[in-house]
Amino acid sequence: MTKKNKDIKIQLKDVCKSFGDNHVLCGASLDIHKGESVVIIGGSGTGKSVLLKSILGLIVPDSGTILVDGEDVTKLPIHKRDGIMQKFGMLFQGGALFDSLPVWENVAFGLLQNHAMPRKEAYGVAVEKLRSVGLGERVAKLYPAELSGGMQKRVSLARAIATDPEIIFFDEPTTGLDPIMADVINDLIVKATKELGATTLTITHDMASARKIADDVAMIYDGKIIWRGDAEGIENSGNAYVEQFIHGSANGPIAIAV
Amino acid sequence: MNAILEPIQTTGRTVMQFFASIGRISSFAGKGLYHAVLPPIYWRLLFRQFIQIGYYSLPVVGLTTLFTGMVLALQSYTGFSRFSAEGAVATVVVLSVTRELAPVLAGLMVAGRVGASIAAEIGTMRVTEQIDALNTLSTNPYKYLIAPRLIAGILTLPILVLIGDIIGILGGYIVSIYSLGFAPENYLRNTWEYLEAMDVISGLVKASVFGFLVTLMGCYHGYNSGRGAQGVGSATTNAVVSASILILIFNFIITKIFFS
Ligand SMILES: Nc1ncnc2c1ncn2[C@@H]1O[C@H](COP(=O)(O)OP(=O)(O)OP(=O)(O)O)[C@@H](O)[C@H]1O
Ligand SMILES: [Mg+2]
(Lines give C-alpha, C1' and ligand atoms only; values in the text may rest on other atoms or scores of the structure.)
(Ligands and ions follow the chains in the order given, each with its own letter.)
Protein backbone atom coordinates (compact mmCIF):
# COMPACT_ATOMS: atom_id res chain seq x y z
CA MET A 1 0.00 0.00 0.00
CA THR A 2 2.99 2.19 0.54
CA LYS A 3 4.31 1.22 -2.87
CA LYS A 4 3.19 2.05 -6.34
CA ASN A 5 0.58 -0.13 -7.94
CA LYS A 6 2.76 -1.33 -10.77
CA ASP A 7 4.58 -4.62 -10.68
CA ILE A 8 2.03 -6.31 -8.51
CA LYS A 9 2.91 -9.99 -8.62
CA ILE A 10 0.15 -11.38 -6.44
CA GLN A 11 -3.06 -9.63 -5.56
CA LEU A 12 -5.73 -10.97 -3.24
CA LYS A 13 -9.07 -9.22 -3.18
CA ASP A 14 -11.68 -10.02 -0.54
CA VAL A 15 -10.84 -13.69 -0.36
CA CYS A 16 -13.22 -15.72 1.78
CA LYS A 17 -13.02 -19.36 2.72
CA SER A 18 -15.05 -21.34 5.21
CA PHE A 19 -14.88 -24.96 6.22
CA GLY A 20 -18.42 -25.72 7.31
CA ASP A 21 -19.24 -23.01 9.84
CA ASN A 22 -15.58 -22.34 10.52
CA HIS A 23 -15.06 -19.01 8.71
CA VAL A 24 -11.33 -19.02 8.24
CA LEU A 25 -10.76 -16.24 5.72
CA CYS A 26 -13.26 -13.46 5.43
CA GLY A 27 -12.35 -10.55 3.21
CA ALA A 28 -8.59 -11.01 3.08
CA SER A 29 -6.84 -8.59 0.71
CA LEU A 30 -3.14 -8.32 0.08
CA ASP A 31 -0.85 -6.99 -2.66
CA ILE A 32 2.61 -8.40 -3.12
CA HIS A 33 4.99 -6.64 -5.45
CA LYS A 34 7.58 -8.21 -7.66
CA GLY A 35 10.81 -9.00 -5.83
CA GLU A 36 9.31 -8.19 -2.48
CA SER A 37 9.60 -10.30 0.64
CA VAL A 38 6.42 -10.23 2.67
CA VAL A 39 6.08 -11.92 6.02
CA ILE A 40 2.68 -12.90 7.34
CA ILE A 41 2.26 -13.08 11.07
CA GLY A 42 -0.78 -14.10 13.03
CA GLY A 43 -2.03 -16.46 15.66
CA SER A 44 -2.23 -20.20 15.29
CA GLY A 45 -5.25 -21.32 13.30
CA THR A 46 -6.01 -17.91 11.83
CA GLY A 47 -5.75 -19.21 8.28
CA LYS A 48 -2.22 -18.37 7.23
CA SER A 49 -1.64 -21.76 5.64
CA VAL A 50 -5.09 -21.65 4.07
CA LEU A 51 -4.18 -18.29 2.53
CA LEU A 52 -1.05 -19.72 0.90
CA LYS A 53 -2.88 -22.80 -0.32
CA SER A 54 -5.59 -20.61 -1.82
CA ILE A 55 -3.03 -18.75 -3.88
CA LEU A 56 -1.64 -22.07 -5.03
CA GLY A 57 -5.12 -23.28 -5.91
CA LEU A 58 -4.89 -26.24 -3.56
CA ILE A 59 -7.86 -24.76 -1.74
CA VAL A 60 -10.56 -23.05 -3.78
CA PRO A 61 -11.82 -19.91 -2.05
CA ASP A 62 -15.57 -19.42 -1.66
CA SER A 63 -15.37 -15.89 -3.01
CA GLY A 64 -12.90 -13.17 -3.92
CA THR A 65 -10.22 -13.05 -6.58
CA ILE A 66 -6.57 -13.98 -6.56
CA LEU A 67 -4.47 -12.55 -9.35
CA VAL A 68 -1.03 -13.88 -10.14
CA ASP A 69 0.69 -11.75 -12.77
CA GLY A 70 -2.71 -10.29 -13.49
CA GLU A 71 -4.36 -13.66 -14.14
CA ASP A 72 -7.22 -14.82 -11.95
CA VAL A 73 -6.10 -18.20 -10.69
CA THR A 74 -9.30 -19.00 -8.82
CA LYS A 75 -11.02 -19.57 -12.14
CA LEU A 76 -8.50 -22.10 -13.39
CA PRO A 77 -9.17 -25.77 -12.69
CA ILE A 78 -6.25 -27.55 -11.11
CA HIS A 79 -5.15 -29.41 -14.26
CA LYS A 80 -4.84 -26.16 -16.21
CA ARG A 81 -2.62 -24.64 -13.58
CA ASP A 82 0.59 -26.38 -14.61
CA GLY A 83 1.95 -23.32 -16.37
CA ILE A 84 1.25 -21.12 -13.39
CA MET A 85 2.49 -23.70 -10.90
CA GLN A 86 5.90 -23.64 -12.56
CA LYS A 87 6.30 -20.15 -11.17
CA PHE A 88 5.85 -21.33 -7.61
CA GLY A 89 7.98 -23.03 -5.02
CA MET A 90 6.36 -24.01 -1.76
CA LEU A 91 7.73 -25.12 1.56
CA PHE A 92 4.88 -26.89 3.33
CA GLN A 93 4.48 -26.45 7.05
CA GLY A 94 4.64 -30.20 7.58
CA GLY A 95 7.42 -30.73 5.03
CA ALA A 96 5.31 -32.90 2.70
CA LEU A 97 8.34 -34.77 1.45
CA PHE A 98 7.68 -37.79 -0.77
CA ASP A 99 8.55 -40.63 1.53
CA SER A 100 8.85 -43.17 -1.26
CA LEU A 101 11.72 -41.22 -2.84
CA PRO A 102 15.25 -40.64 -1.54
CA VAL A 103 16.14 -37.15 -0.40
CA TRP A 104 17.92 -36.15 -3.58
CA GLU A 105 14.99 -37.15 -5.78
CA ASN A 106 12.73 -35.11 -3.54
CA VAL A 107 14.89 -32.07 -4.03
CA ALA A 108 15.28 -32.65 -7.75
CA PHE A 109 11.64 -33.61 -8.29
CA GLY A 110 10.66 -30.50 -10.22
CA LEU A 111 13.80 -30.69 -12.34
CA LEU A 112 13.27 -34.34 -13.20
CA GLN A 113 9.55 -34.03 -13.92
CA ASN A 114 9.14 -30.73 -15.67
CA HIS A 115 12.55 -29.74 -16.86
CA ALA A 116 13.31 -33.30 -17.95
CA MET A 117 16.84 -32.98 -16.62
CA PRO A 118 19.00 -36.12 -16.86
CA ARG A 119 19.20 -37.91 -13.50
CA LYS A 120 22.97 -37.47 -13.14
CA GLU A 121 22.76 -33.75 -13.63
CA ALA A 122 19.70 -33.44 -11.37
CA TYR A 123 21.58 -35.30 -8.67
CA GLY A 124 24.36 -32.72 -8.88
CA VAL A 125 21.90 -29.84 -8.55
CA ALA A 126 20.18 -31.58 -5.64
CA VAL A 127 23.45 -32.03 -3.76
CA GLU A 128 24.32 -28.41 -4.33
CA LYS A 129 20.90 -27.25 -3.06
CA LEU A 130 21.22 -29.54 -0.04
CA ARG A 131 24.56 -28.01 0.75
CA SER A 132 23.03 -24.55 0.69
CA VAL A 133 20.63 -25.61 3.47
CA GLY A 134 23.49 -27.10 5.46
CA LEU A 135 23.12 -30.76 4.55
CA GLY A 136 25.96 -32.89 3.24
CA GLU A 137 25.96 -35.31 0.34
CA ARG A 138 25.63 -38.19 2.83
CA VAL A 139 21.99 -37.22 3.30
CA ALA A 140 21.17 -37.32 -0.41
CA LYS A 141 20.69 -41.09 -0.61
CA LEU A 142 18.71 -41.41 2.63
CA TYR A 143 14.92 -41.52 2.76
CA PRO A 144 12.92 -38.73 4.45
CA ALA A 145 11.84 -41.04 7.28
CA GLU A 146 15.50 -41.45 8.23
CA LEU A 147 15.97 -37.74 8.88
CA SER A 148 15.31 -35.63 11.96
CA GLY A 149 12.45 -33.16 11.86
CA GLY A 150 14.72 -30.19 11.31
CA MET A 151 16.59 -31.98 8.54
CA GLN A 152 13.30 -32.79 6.82
CA LYS A 153 12.38 -29.13 6.98
CA ARG A 154 15.63 -28.18 5.31
CA VAL A 155 15.23 -30.80 2.59
CA SER A 156 11.78 -29.42 1.99
CA LEU A 157 13.26 -25.96 1.73
CA ALA A 158 15.83 -27.20 -0.75
CA ARG A 159 13.02 -28.70 -2.82
CA ALA A 160 11.08 -25.42 -2.77
CA ILE A 161 14.00 -23.46 -4.21
CA ALA A 162 15.45 -26.15 -6.47
CA THR A 163 13.83 -24.96 -9.70
CA ASP A 164 14.65 -21.29 -9.00
CA PRO A 165 10.97 -20.31 -9.04
CA GLU A 166 9.78 -16.71 -9.42
CA ILE A 167 7.54 -16.91 -6.38
CA ILE A 168 8.39 -18.85 -3.24
CA PHE A 169 6.16 -19.52 -0.27
CA PHE A 170 7.66 -20.54 3.04
CA ASP A 171 5.23 -21.86 5.60
CA GLU A 172 7.07 -21.60 8.92
CA PRO A 173 10.55 -22.30 7.55
CA THR A 174 12.38 -21.99 10.86
CA THR A 175 9.99 -23.73 13.20
CA GLY A 176 11.72 -26.71 14.76
CA LEU A 177 15.24 -25.57 13.90
CA ASP A 178 17.94 -24.55 16.34
CA PRO A 179 18.66 -20.77 16.45
CA ILE A 180 21.84 -21.02 14.37
CA MET A 181 20.26 -23.12 11.66
CA ALA A 182 17.25 -20.80 11.74
CA ASP A 183 19.56 -17.94 10.93
CA VAL A 184 21.16 -19.88 8.08
CA ILE A 185 17.69 -20.40 6.66
CA ASN A 186 16.84 -16.73 7.11
CA ASP A 187 19.96 -15.83 5.16
CA LEU A 188 18.95 -18.27 2.49
CA ILE A 189 15.53 -16.70 2.13
CA VAL A 190 17.05 -13.24 1.98
CA LYS A 191 19.44 -14.50 -0.65
CA ALA A 192 16.62 -16.01 -2.69
CA THR A 193 14.85 -12.67 -2.75
CA LYS A 194 17.80 -10.36 -3.16
CA GLU A 195 19.98 -12.36 -5.53
CA LEU A 196 17.52 -14.38 -7.53
CA GLY A 197 14.89 -11.68 -7.48
CA ALA A 198 12.20 -14.04 -6.30
CA THR A 199 9.00 -12.78 -4.76
CA THR A 200 8.56 -14.46 -1.41
CA LEU A 201 5.77 -14.84 1.07
CA THR A 202 6.77 -16.26 4.42
CA ILE A 203 4.68 -17.31 7.37
CA THR A 204 6.46 -17.23 10.68
CA HIS A 205 5.90 -16.94 14.40
CA ASP A 206 9.53 -16.06 14.90
CA MET A 207 9.84 -12.27 15.15
CA ALA A 208 13.63 -12.32 14.84
CA SER A 209 13.25 -14.15 11.58
CA ALA A 210 10.50 -11.80 10.44
CA ARG A 211 12.69 -8.73 11.09
CA LYS A 212 15.53 -10.28 9.14
CA ILE A 213 13.75 -11.42 6.02
CA ALA A 214 10.81 -9.06 5.66
CA ASP A 215 10.51 -5.99 3.50
CA ASP A 216 6.94 -5.79 4.66
CA VAL A 217 5.02 -7.50 7.43
CA ALA A 218 1.31 -8.25 7.25
CA MET A 219 -0.75 -9.35 10.19
CA ILE A 220 -3.74 -11.65 9.77
CA TYR A 221 -6.51 -11.65 12.34
CA ASP A 222 -10.11 -12.73 12.19
CA GLY A 223 -9.92 -13.69 8.53
CA LYS A 224 -8.51 -10.36 7.33
CA ILE A 225 -5.18 -8.67 6.86
CA ILE A 226 -5.57 -6.09 9.59
CA TRP A 227 -2.22 -4.40 9.30
CA ARG A 228 0.55 -4.07 6.79
CA GLY A 229 3.69 -2.06 7.08
CA ASP A 230 7.43 -2.19 6.64
CA ALA A 231 9.49 -4.36 8.91
CA GLU A 232 11.32 -1.52 10.63
CA GLY A 233 8.10 0.18 11.56
CA ILE A 234 6.64 -2.82 13.24
CA GLU A 235 7.76 -1.75 16.71
CA ASN A 236 5.79 1.48 16.32
CA SER A 237 2.86 0.14 14.38
CA GLY A 238 0.35 1.90 16.58
CA ASN A 239 -1.85 -1.14 16.13
CA ALA A 240 -2.90 -2.79 19.36
CA TYR A 241 -3.17 -6.23 17.76
CA VAL A 242 0.29 -6.07 16.25
CA GLU A 243 1.80 -4.79 19.49
CA GLN A 244 0.26 -7.59 21.47
CA PHE A 245 1.42 -10.17 18.95
CA ILE A 246 5.03 -9.09 18.60
CA HIS A 247 5.45 -8.73 22.34
CA GLY A 248 3.78 -12.07 22.92
CA SER A 249 1.51 -10.71 25.59
CA ALA A 250 -1.50 -12.62 26.85
CA ASN A 251 -3.32 -9.37 27.55
CA GLY A 252 -4.70 -7.28 24.74
CA PRO A 253 -7.40 -7.19 22.09
CA ILE A 254 -6.55 -10.68 20.78
CA ALA A 255 -8.52 -13.04 22.95
CA ILE A 256 -7.39 -16.64 22.96
CA ALA A 257 -10.38 -18.92 22.93
CA VAL A 258 -9.64 -21.79 25.27
CA MET B 1 -46.22 -38.81 10.62
CA ASN B 2 -42.51 -38.56 11.20
CA ALA B 3 -42.30 -42.20 12.07
CA ILE B 4 -43.61 -43.00 8.60
CA LEU B 5 -41.47 -40.47 6.76
CA GLU B 6 -38.25 -41.17 8.56
CA PRO B 7 -37.44 -44.58 6.99
CA ILE B 8 -38.45 -43.28 3.57
CA GLN B 9 -36.20 -40.28 3.94
CA THR B 10 -33.31 -42.41 5.10
CA THR B 11 -33.77 -44.80 2.21
CA GLY B 12 -33.98 -41.92 -0.21
CA ARG B 13 -30.85 -40.35 1.17
CA THR B 14 -28.94 -43.62 1.01
CA VAL B 15 -29.99 -44.20 -2.59
CA MET B 16 -29.00 -40.65 -3.52
CA GLN B 17 -25.64 -41.04 -1.83
CA PHE B 18 -25.15 -44.35 -3.58
CA PHE B 19 -25.67 -42.83 -7.01
CA ALA B 20 -23.62 -39.78 -6.12
CA SER B 21 -20.67 -41.94 -5.17
CA ILE B 22 -21.04 -44.03 -8.33
CA GLY B 23 -20.83 -40.76 -10.23
CA ARG B 24 -17.75 -39.64 -8.32
CA ILE B 25 -16.01 -42.98 -8.76
CA SER B 26 -16.79 -43.03 -12.48
CA SER B 27 -15.40 -39.57 -12.99
CA PHE B 28 -12.34 -40.52 -10.96
CA ALA B 29 -11.88 -43.67 -13.04
CA GLY B 30 -12.33 -41.67 -16.23
CA LYS B 31 -9.64 -39.20 -15.26
CA GLY B 32 -7.31 -42.00 -14.18
CA LEU B 33 -7.74 -43.89 -17.47
CA TYR B 34 -7.44 -40.72 -19.51
CA HIS B 35 -4.06 -40.03 -17.94
CA ALA B 36 -3.12 -43.69 -18.31
CA VAL B 37 -3.26 -43.50 -22.10
CA LEU B 38 -2.16 -39.89 -22.55
CA PRO B 39 1.60 -39.44 -22.86
CA PRO B 40 3.95 -38.95 -21.14
CA ILE B 41 3.85 -42.24 -19.31
CA TYR B 42 6.02 -42.66 -16.24
CA TRP B 43 7.74 -45.94 -17.10
CA ARG B 44 9.76 -46.05 -13.91
CA LEU B 45 6.64 -45.79 -11.75
CA LEU B 46 4.77 -48.25 -13.92
CA PHE B 47 7.56 -50.77 -13.57
CA ARG B 48 7.53 -50.34 -9.80
CA GLN B 49 3.79 -51.00 -9.71
CA PHE B 50 4.20 -54.12 -11.85
CA ILE B 51 6.58 -55.44 -9.24
CA GLN B 52 4.40 -54.33 -6.32
CA ILE B 53 1.09 -55.57 -7.67
CA GLY B 54 2.17 -58.49 -9.83
CA TYR B 55 5.38 -60.00 -8.64
CA TYR B 56 4.80 -59.71 -4.91
CA SER B 57 1.30 -61.17 -5.24
CA LEU B 58 2.62 -64.37 -6.84
CA PRO B 59 3.10 -66.33 -3.57
CA VAL B 60 -0.36 -65.46 -2.27
CA VAL B 61 -2.09 -66.28 -5.54
CA GLY B 62 0.01 -69.41 -6.02
CA LEU B 63 -0.81 -70.81 -2.58
CA THR B 64 -4.49 -69.94 -2.85
CA THR B 65 -4.98 -71.62 -6.19
CA LEU B 66 -2.83 -74.62 -5.29
CA PHE B 67 -4.92 -75.52 -2.27
CA THR B 68 -8.14 -74.67 -4.04
CA GLY B 69 -7.27 -77.08 -6.86
CA MET B 70 -6.39 -79.75 -4.32
CA VAL B 71 -9.54 -79.43 -2.27
CA LEU B 72 -11.63 -79.28 -5.42
CA ALA B 73 -10.28 -82.65 -6.53
CA LEU B 74 -10.99 -84.17 -3.12
CA GLN B 75 -14.53 -82.82 -2.87
CA SER B 76 -15.63 -83.57 -6.40
CA TYR B 77 -14.20 -87.07 -6.07
CA THR B 78 -16.36 -87.64 -2.98
CA GLY B 79 -19.38 -86.43 -4.86
CA PHE B 80 -18.85 -88.14 -8.20
CA SER B 81 -17.75 -91.48 -6.78
CA ARG B 82 -21.25 -91.86 -5.32
CA PHE B 83 -22.57 -92.36 -8.83
CA SER B 84 -19.36 -93.74 -10.32
CA ALA B 85 -18.51 -90.68 -12.36
CA GLU B 86 -14.94 -90.29 -11.06
CA GLY B 87 -13.79 -89.49 -14.60
CA ALA B 88 -15.44 -86.08 -14.30
CA VAL B 89 -13.12 -84.97 -11.51
CA ALA B 90 -10.46 -83.65 -13.89
CA THR B 91 -13.01 -81.74 -15.93
CA VAL B 92 -14.64 -80.21 -12.89
CA VAL B 93 -11.28 -79.11 -11.54
CA VAL B 94 -10.09 -77.51 -14.73
CA LEU B 95 -13.35 -75.74 -15.51
CA SER B 96 -13.93 -74.43 -12.00
CA VAL B 97 -10.39 -73.22 -11.66
CA THR B 98 -10.10 -71.43 -14.98
CA ARG B 99 -13.60 -70.01 -15.15
CA GLU B 100 -14.29 -69.06 -11.57
CA LEU B 101 -11.97 -69.86 -8.77
CA ALA B 102 -8.60 -68.65 -10.00
CA PRO B 103 -9.87 -65.20 -11.07
CA VAL B 104 -12.20 -64.65 -8.13
CA LEU B 105 -9.89 -65.92 -5.41
CA ALA B 106 -6.87 -64.17 -6.91
CA GLY B 107 -8.95 -61.00 -7.19
CA LEU B 108 -10.02 -61.20 -3.56
CA MET B 109 -6.51 -61.95 -2.32
CA VAL B 110 -5.10 -59.08 -4.35
CA ALA B 111 -7.89 -56.83 -3.04
CA GLY B 112 -6.69 -57.57 0.47
CA ARG B 113 -3.03 -57.21 -0.32
CA VAL B 114 -2.79 -54.56 -3.00
CA GLY B 115 -6.02 -52.63 -2.51
CA ALA B 116 -5.20 -52.04 1.13
CA SER B 117 -1.64 -50.97 0.53
CA ILE B 118 -2.57 -48.62 -2.32
CA ALA B 119 -5.24 -46.97 -0.18
CA ALA B 120 -2.88 -46.66 2.78
CA GLU B 121 -0.07 -45.25 0.68
CA ILE B 122 -2.11 -42.70 -1.26
CA GLY B 123 -4.16 -41.86 1.85
CA THR B 124 -0.99 -41.10 3.77
CA MET B 125 0.19 -38.94 0.89
CA ARG B 126 -3.09 -37.04 1.03
CA VAL B 127 -2.94 -36.57 4.79
CA THR B 128 0.70 -35.47 4.86
CA GLU B 129 0.09 -33.00 1.99
CA GLN B 130 2.29 -34.93 -0.42
CA ILE B 131 -0.49 -34.77 -3.02
CA ASP B 132 -0.59 -30.99 -2.59
CA ALA B 133 3.17 -30.98 -2.98
CA LEU B 134 2.84 -32.92 -6.25
CA ASN B 135 0.47 -30.26 -7.54
CA THR B 136 2.80 -27.43 -6.61
CA LEU B 137 5.60 -29.24 -8.42
CA SER B 138 3.40 -29.17 -11.55
CA THR B 139 2.92 -32.91 -11.50
CA ASN B 140 -0.56 -34.23 -12.04
CA PRO B 141 -1.38 -36.70 -9.24
CA TYR B 142 -3.66 -38.66 -11.57
CA LYS B 143 -0.80 -39.20 -13.93
CA TYR B 144 1.82 -39.77 -11.27
CA LEU B 145 -0.10 -41.85 -8.73
CA ILE B 146 -3.33 -43.19 -10.19
CA ALA B 147 -2.54 -44.07 -13.81
CA PRO B 148 0.45 -46.37 -13.14
CA ARG B 149 -1.52 -48.34 -10.56
CA LEU B 150 -4.55 -48.75 -12.81
CA ILE B 151 -2.45 -49.89 -15.75
CA ALA B 152 -0.50 -52.31 -13.59
CA GLY B 153 -3.73 -53.71 -12.11
CA ILE B 154 -5.35 -54.22 -15.50
CA LEU B 155 -2.30 -55.88 -17.03
CA THR B 156 -0.83 -57.96 -14.22
CA LEU B 157 -3.91 -59.66 -12.84
CA PRO B 158 -4.48 -61.73 -16.02
CA ILE B 159 -0.88 -62.91 -15.84
CA LEU B 160 -1.28 -63.79 -12.17
CA VAL B 161 -4.48 -65.66 -12.93
CA LEU B 162 -2.94 -67.57 -15.82
CA ILE B 163 -0.21 -68.73 -13.46
CA GLY B 164 -2.90 -69.46 -10.86
CA ASP B 165 -4.79 -71.58 -13.44
CA ILE B 166 -1.74 -73.72 -14.01
CA ILE B 167 -0.97 -74.10 -10.32
CA GLY B 168 -4.60 -74.88 -9.49
CA ILE B 169 -4.80 -77.58 -12.14
CA LEU B 170 -1.50 -78.91 -10.86
CA GLY B 171 -2.95 -79.04 -7.32
CA GLY B 172 -5.90 -81.10 -8.57
CA TYR B 173 -3.52 -83.34 -10.48
CA ILE B 174 -1.31 -83.99 -7.45
CA VAL B 175 -4.22 -84.99 -5.25
CA SER B 176 -5.85 -87.09 -7.96
CA ILE B 177 -2.72 -89.00 -8.82
CA TYR B 178 -1.06 -89.41 -5.44
CA SER B 179 -4.03 -89.62 -3.15
CA LEU B 180 -7.05 -90.68 -5.19
CA GLY B 181 -5.14 -93.12 -7.38
CA PHE B 182 -6.01 -91.81 -10.86
CA ALA B 183 -3.84 -92.82 -13.80
CA PRO B 184 -1.87 -89.75 -14.96
CA GLU B 185 -2.63 -90.20 -18.71
CA ASN B 186 -6.34 -90.56 -18.12
CA TYR B 187 -6.49 -87.63 -15.80
CA LEU B 188 -4.59 -85.36 -18.16
CA ARG B 189 -6.70 -86.45 -21.11
CA ASN B 190 -9.88 -85.64 -19.19
CA THR B 191 -8.39 -82.32 -18.21
CA TRP B 192 -7.76 -81.14 -21.78
CA GLU B 193 -10.62 -82.85 -23.53
CA TYR B 194 -13.43 -80.60 -22.37
CA LEU B 195 -11.44 -77.42 -21.85
CA GLU B 196 -12.19 -74.68 -24.37
CA ALA B 197 -10.27 -71.54 -25.06
CA MET B 198 -13.25 -69.51 -23.96
CA ASP B 199 -13.02 -70.95 -20.44
CA VAL B 200 -9.55 -69.60 -19.98
CA ILE B 201 -10.18 -66.36 -21.84
CA SER B 202 -13.26 -65.51 -19.79
CA GLY B 203 -11.19 -66.05 -16.65
CA LEU B 204 -8.50 -63.70 -17.91
CA VAL B 205 -11.02 -61.04 -18.87
CA LYS B 206 -12.45 -61.29 -15.36
CA ALA B 207 -8.97 -60.99 -13.93
CA SER B 208 -8.34 -57.83 -15.89
CA VAL B 209 -11.60 -56.27 -14.73
CA PHE B 210 -10.89 -57.30 -11.13
CA GLY B 211 -7.40 -55.82 -11.34
CA PHE B 212 -8.94 -52.56 -12.48
CA LEU B 213 -11.54 -52.63 -9.70
CA VAL B 214 -9.02 -53.38 -6.96
CA THR B 215 -6.57 -50.67 -7.97
CA LEU B 216 -9.39 -48.21 -8.66
CA MET B 217 -10.89 -48.72 -5.20
CA GLY B 218 -7.48 -48.43 -3.55
CA CYS B 219 -6.71 -45.23 -5.41
CA TYR B 220 -10.16 -43.69 -5.01
CA HIS B 221 -10.45 -44.26 -1.28
CA GLY B 222 -6.85 -43.29 -0.64
CA TYR B 223 -7.11 -40.15 -2.74
CA ASN B 224 -10.26 -39.03 -0.94
CA SER B 225 -9.00 -40.09 2.44
CA GLY B 226 -10.18 -38.12 5.45
CA ARG B 227 -7.78 -36.34 7.72
CA GLY B 228 -5.44 -38.02 10.17
CA ALA B 229 -4.55 -41.63 10.86
CA GLN B 230 -8.21 -42.48 11.26
CA GLY B 231 -8.97 -41.21 7.78
CA VAL B 232 -6.30 -43.45 6.30
CA GLY B 233 -7.54 -46.39 8.34
CA SER B 234 -11.08 -46.17 7.09
CA ALA B 235 -9.88 -45.51 3.54
CA THR B 236 -8.02 -48.82 3.71
CA THR B 237 -11.02 -50.72 5.04
CA ASN B 238 -13.36 -49.16 2.50
CA ALA B 239 -10.98 -49.98 -0.34
CA VAL B 240 -10.83 -53.66 0.55
CA VAL B 241 -14.53 -54.08 1.31
CA SER B 242 -15.76 -52.21 -1.76
CA ALA B 243 -13.27 -53.97 -4.05
CA SER B 244 -14.31 -57.38 -2.73
CA ILE B 245 -18.01 -56.70 -3.18
CA LEU B 246 -17.48 -55.25 -6.65
CA ILE B 247 -15.46 -58.31 -7.63
CA LEU B 248 -18.34 -60.60 -6.70
CA ILE B 249 -20.89 -58.42 -8.50
CA PHE B 250 -18.83 -58.08 -11.67
CA ASN B 251 -17.99 -61.77 -11.59
CA PHE B 252 -21.68 -62.48 -11.93
CA ILE B 253 -22.16 -59.89 -14.67
CA ILE B 254 -19.21 -61.08 -16.75
CA THR B 255 -20.18 -64.73 -16.36
CA LYS B 256 -23.67 -63.84 -17.56
CA ILE B 257 -22.29 -62.01 -20.58
CA PHE B 258 -19.90 -64.80 -21.56
CA PHE B 259 -22.00 -67.88 -20.99
CA SER B 260 -25.61 -67.05 -21.68
N1 LIG C 1 -8.61 -28.92 4.63
C2 LIG C 1 -9.23 -28.39 5.69
N3 LIG C 1 -10.46 -28.82 6.04
C4 LIG C 1 -11.11 -28.29 7.10
N5 LIG C 1 -10.62 -27.30 7.85
C6 LIG C 1 -9.40 -26.81 7.57
C7 LIG C 1 -8.64 -27.34 6.48
N8 LIG C 1 -7.47 -26.68 6.42
C9 LIG C 1 -7.50 -25.79 7.43
N10 LIG C 1 -8.65 -25.86 8.13
C11 LIG C 1 -9.04 -25.02 9.27
O12 LIG C 1 -8.74 -23.70 8.95
C13 LIG C 1 -8.24 -23.01 10.06
C14 LIG C 1 -6.95 -22.31 9.71
O15 LIG C 1 -5.96 -23.29 9.43
P16 LIG C 1 -4.49 -22.90 8.99
O17 LIG C 1 -3.77 -24.17 8.79
O18 LIG C 1 -4.54 -21.96 7.86
O19 LIG C 1 -3.95 -22.15 10.28
P20 LIG C 1 -2.56 -21.41 10.42
O21 LIG C 1 -2.87 -19.96 10.50
O22 LIG C 1 -1.63 -21.85 9.36
O23 LIG C 1 -2.10 -21.90 11.84
P24 LIG C 1 -0.65 -22.37 12.33
O25 LIG C 1 0.11 -21.15 12.63
O26 LIG C 1 -0.94 -23.16 13.57
O27 LIG C 1 -0.06 -23.19 11.25
C28 LIG C 1 -8.12 -24.02 11.18
O29 LIG C 1 -9.18 -23.83 12.06
C30 LIG C 1 -8.24 -25.36 10.50
O31 LIG C 1 -8.94 -26.24 11.33
MG1 LIG D 1 -0.09 -23.07 9.22
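Colleague: How much area do chain B and chain A bury between them?

Modeller: In this predicted model, chain B and chain A bury about 1,800 Å² between them, with 53% of that area on carbon and sulfur atoms. On the chain B side, B:T136, B:L137 and B:S138 lose the most area to chain A, together accounting for 32% of what that side buries.

Colleague: And how many residues are in contact?

Modeller: There are 18 residues of chain B in contact with 24 residues of chain A.

Colleague: Which residues form a salt bridge there?

Modeller: The rule finds one salt bridge across the interface, formed by A:K53 with B:E129, whose closest N and O atoms are 2.4 Å apart. As for secondary structure, α2 (43–54), α4 (88–127) and α5 (130–136) of chain B each supply at least two residues of the side that touches chain A, and α5(B) gives the most, with six residues.

Colleague: Last topic: what is the strand order in the open sheet of four strands?

Modeller: The order is β2-β1-β4-β5 in chain A, with antiparallel pairing. Strands β2 (22–33) and β5 (71–72) of chain A stand at the edges with a single partner strand each, so one side of each is left without a neighbour in the sheet.

Technical notes. Residues are numbered from 1 along each chain as its sequence is written. Chains are lettered from A and ligands numbered from 1 in the order in which they are written. This is a predicted model: local features need pLDDT of at least 70, side-chain atom pairs count only at pLDDT 80 or more; totals for chains, interfaces and linings use all residues. Side-chain values use heavy atoms; hydrogens and water are left out. Two strands pair if DSSP finds at least two bridges between them. Contact means heavy atoms within 4.5 Å. Buried area is the accessible area (1.4 Å probe) that two parts lose on being put together, summed over both. A salt bridge is a side-chain nitrogen of Lys or Arg within 4 Å of a carboxyl oxygen of Asp or Glu.
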